[in-house]
Each structure stands twice: as C-alpha cells, then as structure tokens.
Amino acid sequence: MTEVIATNETILVVGGGISGMTAALEAAETGKQVILVEKRAYVGGRVSQLYKYFPKLCHPTCGLEINQRRAKQNPNLRIITMAEVSDVNGEAGDYSVKVKISPRYVNDNCTACGDCGRAVESEFDDEYNYGLSKHKGAFLPHKNAYPYQYAIDPAMIGTDDATKAKEACKVDAIDLDMAEENIELKAGAIIWATGWRPYDAAKIQPYGYDRYDNVITSVEFERLMDQAGPTGGKLIRPSDGKEAKNVAFIQCAGSRDRNHLTHCSRICCMASLKQSTYVDEQFGDDADVSIYYIDIRAIDRFEDFYKKVQANDNVKFIKSKVASITLDKASQNPILNGVDTEGYHRYANQHDLVVLAVGMEPSVAEFPITLTTNSNGFIEADDSNGAIFGAGCSTDALDVNRAVQSATASALRAVQVVNKVAKAEG
Amino acid sequence: MSGNKYKSTSFLKEVEANVEQGDWVKMCMQCGVCAGSCPLGNHWEHTPQKIFMMIRAGKRDEVLTSDAMWMCTSCYNCIVRCPRELPITHIMHGLATYSKRLGLAPANNPTQKFAELFWKNLTKKGRVNELKLGIALYFMNGIGEGIKTSLKMKDIGLGMLKTKRMSVAEMFGGHGVKDKSGFDAMLKKAFEIEEAKLKKFDS
Ligand SMILES: Cc1cc2nc3c(=O)[nH]c(=O)nc-3n(C[C@H](O)[C@H](O)[C@H](O)COP(=O)(O)OP(=O)(O)OC[C@H]3O[C@@H](n4cnc5c(N)ncnc54)[C@H](O)[C@@H]3O)c2cc1C
C-alpha cells in the first residue's frame, strides 16, 4: 500500500514534466511539503523524448539529470509515478484529492539489472518512442528513466512471460499481484502541470500521415536521432530504411488553422530549424532540407538561430503552406504539392522524408474539477481557479525556457497559499 | 493615393462593399493552400490566393477582366482546406457576378457564356427549358461543333425522350411559371434592390 502523509499545508503537483519537476523542486526547496503525481512510469515528460534542445543544442538529459539529483536529495518531495488525479474537491487552502495509482508490478527492490527483460520474449509498442519501436514486456522506460526501475507492461500480466520475469528476478522486485490503488490526500494548493500532446497528424487529411510511411511527425523525428532509439540514431526513413538526406519540414501542421488548432503553437518553427541541424549533423554537405512555411516565427531572441540556419546553403525556405501530399509509388517519395507565395509558382516536389511540425495541444481535455481555460483549452490564470495554478504547457504552447519560468511563478503562488494556511493554523 | 505602395487600395473597399462575401478578402494570410488545392489550378490566369493579393494591391482592371474566377467549378476544396475558413468559392462567384454586372467579364469565356445562356433561358418563362438550353450549349461555339456534339449525345437524348425526362414539345414554347408578369416584377424589384445596394467607386 502506498502510504502518503499530506495536510492542507502540502502542495500537490500534477504532472512531472520539466514544468512539474521545476515547480515541485522550487517549492520543496523553500521547505514546503510537496507531492508530485506523474501519470507515466518516469518523470521528465516530453523533454526526455527530445534529442537536443534549442537554442544551445545541448542534450536535455543534462537538465533532467540536475533535476533528478535535486529530487533525490530533497526529503520534502515525494514522487508518485503511474498515478493520475481522478477527483478534486474543496477550495484554496483545503483540497481533497483522489489519486489513482496503476500497478507497476515492480517494487522498490528493483536494481534495474535487466534480468527480467532478458527472460521474456513478448514485445509491446513503445510509447516513449511514439510507437516507432517495441519494448520487451519487462522494460526500463528509457536509459535515463527516473525512478531508475523496470516496469511490466500490463498486457503481459497473466502470460507465461510474466512468470518467467518474476522467476528471473534475484531481488524479489516483481510483484505480479500488485493492483490498482486509489488513495485520498489533502493539499492546500495544486499546481497543474500536465503539459501538452502533439496534435493528431492523421486529422490533417491532405497530408496523408496515416497513408504514407515516409510522412512522420516532428516528435517522431526527435526519436530517430537517439542512439538508443528506434533507428539507433540514424536518420533513415520508415518505408525502406534509406538514408533521409532530402528532408522536408511542413510548418503549421495543425496550428493556426481553424479546421484544427486555432492557436500558433509557437515552438514549431524553432523545432524545425533545430531539426534541420540534425540533418546537417548526419549528412553534412549531402543534406538537402526544405522548410515549407507561412511565416517563420523564431520567437524573440531566437532570431539569431534562424539567421544561422538561413546561412546554410543546404537549407531552403519555401514560403507556402503545402496543399497536399501524394506519393511516388516507385520511389516511395512523398510529393509535396502547392504554390509558392513568392512568385506564385506551382510545385510538385519529391522528398525522401517529410516531417510534419505538429502543433501542441493541452494533454488534458477534461479536468477533474472545473478550471477556467482559454478557447484552446489552456489553463488561464484566473481567480475562479482558487489555489489551482497552471504551470508550463498546460497554460500555453511554450518552449522549455518559458515553461520553467511559468512553473517557478506557479510555485511561488502555491507557496503563498500554504503560508497563509500555516499562519491561520498558528 | 499616397506614396505607400502597400496602401493604395480603394479596390479592396470596393470589393468589400459590392462583392458577395467580399469583406472576407482581407482575412487571407497568403498561405497558398487554396491555390495548391484547386484541381483547375494549372488553367487559371490567377489563383484565388493571387487574386486576393491583387485586390489588396488595387489591380482593379486585371482582376475584373480576368477569366480566373470564371474557372471555378465549385468543388469546395479550397473552402474545406482554408486555415482561415474564407468562403473562397463564394468570393470567386461574387467577383464573377460583379465583373459581369460592370460589363468587364471576358466575352469569350465559356463558363461566362453558359451562365448568360442559362440566365436568359430561365428568365424567359420562369422555368429552365432544358431542351433549348442543351441545344444552345451545343451550338455555343458554332454550327459545325454543334452538330458534332449533338450526334455524340444522340443516344442520351433519345433515352431521355423515351423515359419522358424531356419532351420535344419543349422546342415550341415550352412550360413556364403560372404568373409570368408577377415573376418579371419580382426579378425587376430584386434587380433594383441590388442596384441600390451597389456603392459607387471611381475606377
Ligand atoms: C518537436 C518538438 C521539439 C521541441 N524542441 C524543443 C527544444 O529544442 N527546446 C525547447 O525549449 N523546447 C522544445 N520543445 C517544447 C518542449 O517540449 C516543451 O516546452 C516541454 O515539454 C514543456 O514541458 P511541460 O512539463 O510543461 O509538459 P510535458 O513535457 O508535456 O510534461 C507533462 C507531464 O505531465 C504528465 N501528465 C499528463 N497528464 C497527466 C495527468 N492527468 N496526471 C498526471 N500526470 C500527467 C505527462 O506524463 C508528462 O510527464 C519542443 C516541442 C516539440 C513539439
């Protein structure tokens, strides 16, 4: 049974991405009691699925590692993974929260030795790699996962493989009888940091994401660069494993579009500019990148990054929202059809691989308590939300820098609420 | 107008005032999806995207005498895909109607000719005389071509006669609405209302 001590001086953080982690740590480091509830088997959120960060092009593992160390060292922070908030009641300074914890089937004895993984055969879609690869039924979510523990895919429970995994474990860490738990806890303030999810590319019918193997999303493209990822870090395309040197990026795939997301997702221009450097990194002068755009929005101080990419002769900028994608059957090359706004030239361009720079939408569509959101579903800073504060991408489409600023602000707001509670209680 | 080359356009105001759905034109962000989505795109002098830009740039004559908007087949691909939900098809038809009304429509454009045939045919009796309209259409481009098309369509025509979808009697007079003078008065009134709505702009 998961034992949790919480009072109405406790701050609850929902979502353990870079925003939730930051908010939780900032609050915990001021001495407050913090509980962080994360849906996945590990914290870090979508940042952990990026290859490199703009603007500095460093590896996100670095920033995540710092946060993981801060978390490990801080006795005020309690992290509960595989957990979701199912109900919230009450008001500022006095919330009751129901949390549903799904079974991991692995307990804290786990040393991540990997014996269980080696003992089983069955494989399941790997969500961490957006389904581009499979993981074993007993698996470490990714190489820097925190907590650094294996998990058992619920689909393997009840099979022989599950028993094999249990028998292979020398430290008695596998508990196949683990069941879903529902716990209730108190909190004075809640930080809602459930982040974003990529817009469903299949809904953009003319681009054929669901029909063409070589049309992928920007989040999948990040995974191709990971050495431990589905392609072993090689930029190869799904249909035939051919090196993807001629890569097209389609901006505003689902953003700024009244048929899809009306808002500008803000980071996709920078993401594609960044990803053009990935192609450059792998193929150098053989790289041939085309970026199809309405207008490039390299938000404020990122303009110099844009300039640098523009200076690369192997990166072309085509001012046009692509109208449709068709397929050259023989080569499996997607053909991009449209009209170039600069000169109104009609084009039908073939590329090895097409990357849809998909928009960001809030990951949670329905909250367990009424929250004031804007028309795109992002949480507003509004008095009607009591002491529930949005942080990071649950409040807007943000890059990491801005997400973390927003998280720190929310931590400060939450700390003020529980300080008031503490004062009132003397 | 002032020296600002991006701000010369009273034509945009004219379109907003006089063209059906014309007030949407300013919402275009020039992304090009309509142009790229048009199945007849290769055959237009100007795509919708370009027409919207020309309107803003004040290119009145080029737009209104163009055959571009007459090429629209109302397939609605552009409307469905436009990220700003501009009613592009309707604007194209609005521009065509407006250019026709001003007498600027290209005389030899076949769609324009057919629209005129259709209108004349319809207003004569208040009902469309399909036999006469069909034949007029076949002979639109001269006698030789008319005979060729008629022969080609012979079987379909006979089939329609046989199944009573069409009657030879239509050739002599043909059917009409009951109250023809009422119908005429209604059209006249509608026309007056439309005329009164038109704002005057210097060309
Ligand atoms: C293709 C692409 C490339 C990018 N590259 C960069 C870059 O180079 N540099 C940069 O600064 N930014 C980049 N970004 C943006 C970056 O990914 C976000 O700024 C960042 O992920 C925001 O973190 P977050 O914690 O707010 O949200 P998330 O990363 O989405 O984290 C939310 C967390 O909440 C959890 N959660 C969700 N729902 C629940 C629930 N109901 N209960 C409990 N937990 C829940 C999730 O599992 C997740 O762990 C990129 C984005 C894209 C699309």
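Which helix of chain B gives the most to the nonpolar patch? Helix 9 of chain B does, with 3 residues. Please keep in mind that this is a predicted model, in which local features need pLDDT of at least 70, side-chain atom pairs count only at pLDDT 80 or more, and totals for chains, interfaces and linings use all residues. Residues are numbered from 1 along each chain as its sequence is written, chains are lettered from A and ligands numbered from 1 in the order in which they are written, and side-chain values use heavy atoms, with hydrogens and water left out.

- Chain B has 11 helices and 0 strands; helices (H or I, at least four residues) and strands (E, at least two) are DSSP runs, numbered from the N terminus.
- Along the principal axes, the C-alpha atoms of chain B fill a box of roughly 65 × 40 × 30 Å.
- Of the 203 residues in chain B, 35% are buried; buried means under 20% relative accessible area, exposed over 50%, and partly exposed in between (1.4 Å probe, protein chains only).
- The nonpolar surface patch covers about 950 Å², and its members include I135(B), F139(B), L158(B) and F172(B).
- Patches are made of residues with over 30% relative accessible area and no salt bridge, with like charges joined within 9 Å and nonpolar side chains (Val, Leu, Ile, Met, Phe, Trp, Tyr) within 5 Å.
- Helix 9 (143-152) and helix 10 (154-162) of chain B each supply at least two residues of the patch.
- L158(B) sits in helix 10 of chain B and is partly exposed, at a relative accessible area of 49%.

**Backbone features in chain A**

- A cis peptide bond runs from F54(A) to P55(A), with omega near -5°, and P55(A) is in the loop between strand 2 (34-37) and helix 2 (60-73) of chain A.
- Y146(A) and P147(A) are also joined by a cis peptide bond, with omega about 0°; P147(A) is in the loop between strand 8 (138-139) and strand 9 (151-152) of chain A.
- Y105(A) is not a glycine, yet its phi is positive, near 65°; Y105(A) is buried, with a relative accessible area of 10%.
- R256(A) has a positive phi of about 50° although it is not a glycine, and R256(A) is buried, with a relative accessible area of 10%.

**Salt bridges**

- Over all chains the count comes to 33 salt bridges, each a side-chain nitrogen of Lys or Arg within 4 Å of a carboxyl oxygen of Asp or Glu.
- E281(A) and K52(A) meet in a salt bridge (2.8 Å, N to O); E281(A) is in helix 6 of chain A and K52(A) in the loop between strand 2 and helix 2 of chain A, 229 residues apart.
- In that pair, E281(A) is partly exposed at 39% relative accessibility, whereas K52(A) is buried at 12%.
- R197(A) forms a salt bridge with E361(A), their closest N and O atoms being 3.2 Å apart; the pair links strand 12 (residues 196-198) and strand 21 (residues 360-362) of chain A, 164 residues apart.
- In chain B, E14(B) forms a salt bridge with R60(B), with the closest N and O atoms 2.7 Å apart.
- E14(B) lies in helix 1 (residues 10-18) and R60(B) in helix 4 (residues 60-64) of chain B, so the pair ties together parts that are 46 residues apart in sequence.

Terms used: Areas by Shrake-Rupley, 256 points an atom, 1.4 Å probe, with all protein chains shown as cover.
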